[in-house]
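Take a look at it first.

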Amino acid sequence: MLGRNELYLLVSRVTGITAEETSKVLSEFETAEDALSDMERSKTFLSIFAEQRKSIVSKVVNRDNFCRFTENLSSNGVYYRTINSDDYPKCLFAAENPPTVIYYKGDEKLFSAPAVGVVGSRRCSSYGLDMTKRFCRDFAASGLTVVSGLALGIDTAAHSETLKCGGKTVAVVAGGLNHVYPKENEGLYGAIAENGLLVSLYSPETPIRRFMFPMRNEFISAISDGVLIVEAGANSGALITADYAKKQGKKLYVIPGNLNSPFSVGSNSLIKKCPSSFVLAASDIISDIMEIELGECGNAPEAIDEDSLSEDEKLVMQALRLGLTEFDEMMQATKMDYFALTETLFGLEIMGIIKKVAGNNYVV
Amino acid sequence: MLSRISSYALLGIEGYRVDVEVDISGGLVKTDIVGMGDTAVKEAKDRVSTAILNSGFSYPHSRVIVSLAPAYIKKEGTSFDLAMAIGIMYASGQIKGECEYVIIGELALGGEIRGVHGILPLIIAARARGEKKFIVPRVNALEAGYAEGIEVYSVESLSQAVEFLRGEAQILPEKPRQYAPNEKRVLRHDFKYVKGQTKAKRAIEVAVSGGHNIIMIGSAGAGKTMLSRCIPGIMPPLEYEEALEVTKLHSVAGTLDMNTGIITERPFRSPHHTATTVSLTGGGRMSKPGEVSLAHCGVLFLDEMPEYSRHTLETLRQPLEDKKITIARANQTVEYPCNFMLVASMNPCPCGNLGSPDHECRCSHAEIERYRAKLSKPLLDRIDIEVHVSGVKYDELTADIAAEPSAEIAKRVRNVRAVQAERYRSDGILCNDDMNELHLKKYCALDMESQAVLKQAFEKLGLSARAYSRVLKVARTIADMSGEETIKRGHIVEAVSYRR
């Protein structure tokens with residue numbers, strides 16, 4: 001059926017068309033059937049707006065091409081919603097220019113679920129990753145959907161930790177849904193398509209361009225009820241998301257960082273500008289968004305059964321918590337010999353409590 | 001009249017006999033040298049005739065033919081000069097009788113004798129063929145003296161050689177030198193000056209004890225280079241046979257110090273990362289050993305390994321495997337030994353700050369991936385130990401704790417090496433790193449407990465299947481270091497901690 005919705009879809013495929021032009025076209029024709037059955041007229045009509053778009057228009061306004069396009073959508077499991085329809089996600093109206101068409105893959109119920117955006121820099125510290133995981137675990141447990149941008153670093157940690165804990169997650173990707181970026185996240189992309197929701201502002205075949213990254217940040221904020229900035233350097237894209245959140249009247253949350261750390265310069269200065277964004281625990285956010293009362297205890301680090309650890313392991317964990325993460329430092333602090341410490345670290349790593357990172361450093 | 005002098009020439013690091021035949025007959029006054037000589041050999045006729053005249057002898061006024069046999073092998077270099085001159089003296093009757101010496105040396109126009117490269121391999125090859133008496137340049141005397149059971153006479157000038165052969169002058173044979181490795185060497189780079197770095201130092205000791213290759217990863221200024229320079233100091237001293245082989249290689253390459261004669265220290269070679277492939281592997285028109293062979297029995301240090309060209313690095317794979325390198329060229333194929341320990345260093349990322357607590361890493365994920373991908377998997381598979389080197393904190397630098405001196409570590413290493421040599425006596429290998437799959441089965445049997453821990457490590461820490469034999473070999477070394485017959489749980493755990 002080529003109805004009114006399809007007309008919106010058809011028009012949205014004319015790249016570079018403005019909102020004003022779109023509305024003119026929409027008033028000119030009733031359905032996609034109209035436009036496609038009188039191709040000559042629609043082509044001339046559309047081309048009036050911009051001479052240089054002639055070739056695009058004649059490619060797009062073509063019954064065969066259009067049918068192939070819609071078939072491809074359904075065979076790839078990609079759905080779309082047009083702005084005129086009732087099932088268009090309401091949350092997207094929070095954005096300044098809601099897209100005419102939104103494409104998605106996965107569970108569309110997540111558009112309306114209570115959600116928090118979790119964003120941060122691609123380059124991040126192990127502290128940032130640790131905090132992301134800690135907060136997302138609690139979000140997942142309380143049923144709060146985690147929205148992020150499928151980028152490396154904090155975004156990846158947010159998505160994967162939420163999925164790991166059985167939570168729901170939404171990824172707003174930068175380009176079209178056929179292009180997985182970055183390549184490293186191909187596995188994660190598949191997992192989100194199955195257990196979460198992938199959202200794109202562009203038709204699936206659209207290749208990724210630089211400008212699309214800040215664009216999608218607006219919609220991370222739009223889909224979410226509040227935005228959590230985990231860690232942001234001085235010029236991080238996460239700060240753009242924070243701006244959108246303020247503009248859209250969403251709640252902003254920021255996790256404080258180490259004053260020495262270059263990875264936290266941006267997020268710490270956000271707290272200074274907007275002290276109410278300061279959060280100590282995921283429970284602050286959960287109770288805020290879901291409007292339920294939670295105790296202070298909502299956010300304990302993943303429960304490590306300290307009692308089950310041996311004396312040596314406890315010593316090592318103590319040293320790690322004090323920030324002594326380097327092998328030699330730990331040796332000095334715990335007064336263990338080389339072999340005992342190697343054994344203990346190995347044991348803790350096997351249990352999945354600590355992890356070795358660059359340098360001879362270990363993190364909880 | 002005809003004369004015949006024996007001389008020797010190099011093919012790779014082995015010598016072969018060259019008969020220098022001289023015939024003087026009537027005819028046009030002309031000197032010809034036949035026998036596939038290169039330019040240096042052809043030019044010898046001018047050096048030889050001038051040197052003979054300037055030494056006060058007469059050069060025959062007739063047709064002189066010099067032949068270098070076997071004629072089918074291409075001859076290079078200047079080491080036949082002296083043999084040709086002496087041959088002419090015999091053929092022209094200026095010396096009577098037969099020459100029973102092997103003669104090697106280059107002539108200067110004034111009749112002085114210059115040194116040549118590769119004396120030791122030449123003499124050793126000649127000795128193997130039953131030659132007993134040698135005349136060599138004075139500057140090479142020290143080096144030649146290390147070959148046992150022969151008489152070496154060193155000469156400074158052509159006239160001295162002629163007088164000696166005529167029986168007019170006496171020269172005493174060189175005193176045979178006893179090989180004595182320098183036990184009380186003073187190390188320029190000693191572990192006692194390296195503060196902190198417990199993990200790296202231990203990893204290095206393990207690597208040297210078992211002959212394992214090692215890669216150090218650390219940010220700029222963390223001390224990777226300093227650590228690696230200390231490595232030769234804890235290696236066991238060179239055995240006589242090893243020393244001979246190392247000296248031969250360096251002698252052929254022309255990097256031998258004439259004043260030391262024989263090399264007693266393990267070589268430490270650190271070619272810059274702009275090194276060409278041929279400079280590493282050896283070869284070239286006049287085939288010379290490359291850096292891999294010059295590092296034979298010692299350390300080949302590749303600083304900033306990913307900076308080397310990919311092609312150059314890949315050529316290291318075969319030498320690392322075979323411990324020798326075969327260089328085939330159109331006119332000859334030579335083989336050089338290259339049993340070296342590879343010590344490599346690299347930054348964790350292109351900017352070098354990844355994992356550093358003080359500096360922000362500015363590299364993108366893709367940049368880091370690209371940087372690491374420069375080292376191919378097959379190459380990394382040959383490196384058993386990977387250790388992170390973290391920068392030393394200021395307090396540690398200024399702390400007045402004396403670290404263990406290299407000499408102590410060297411003692412331990414020596415003992416562990418002896419244990420291995422004893423164990424592998426019938427297997428034809430020297431150390432744990434040389435073990436093949438069969439040896440692994442035979443010598444690295446695991447008890448239940450260590451098998452369990454290894455399984456855990458593979459499952460939980462995501463070790464690759466390739467890592468399996470690496471971990472076993474290293475665990476074997478760690479067991480040897482603690483004097484244990486069997487590999488225990490603790491050894492596996494430590495070996496796993498040196499994983500990628």
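## Contacts and cores

Contact means heavy atoms within 4.5 Å. By that rule, B:I492 touches B:L446, B:S450, B:V453, B:L454, B:L472, B:A475 and B:I487, leaving out residues up to four places away in sequence.

This is a predicted model, in which local features need pLDDT of at least 70, side-chain atom pairs count only at pLDDT 80 or more, and totals for chains, interfaces and linings use all residues. Residues are numbered from 1 along each chain as its sequence is written, chains are lettered from A in the order in which they are written, and side-chain values use heavy atoms, without hydrogens and water.

A nonpolar core is a set of buried Ala, Val, Leu, Ile, Met, Phe, Trp, Tyr and Cys residues joined through side-chain atoms within 4.5 Å. Buried means under 20% relative accessible area, exposed over 50% (1.4 Å probe, protein chains only). The largest core has 72 residues. B:I204, B:I214, B:I492 and B:V496 have the most contacts inside it. Helix α21 (residues 467-481) of chain B gives the largest share, 8 residues. Another core, of 44 residues, lies apart and includes B:L82 and B:F164.

## One helix, two faces

Helices are DSSP runs (H or I, at least four residues), numbered from the N terminus. In helix α9 (residues 186-195) of chain A, A:L188, A:Y189 and A:I192 are buried. They lie on the same side of α9(A), because they cover an arc of only 105 degrees around the axis; the arc is taken over directions from the helix axis to the C-beta atoms. The face turned away from the buried side carries exposed A:G187 and A:E194.
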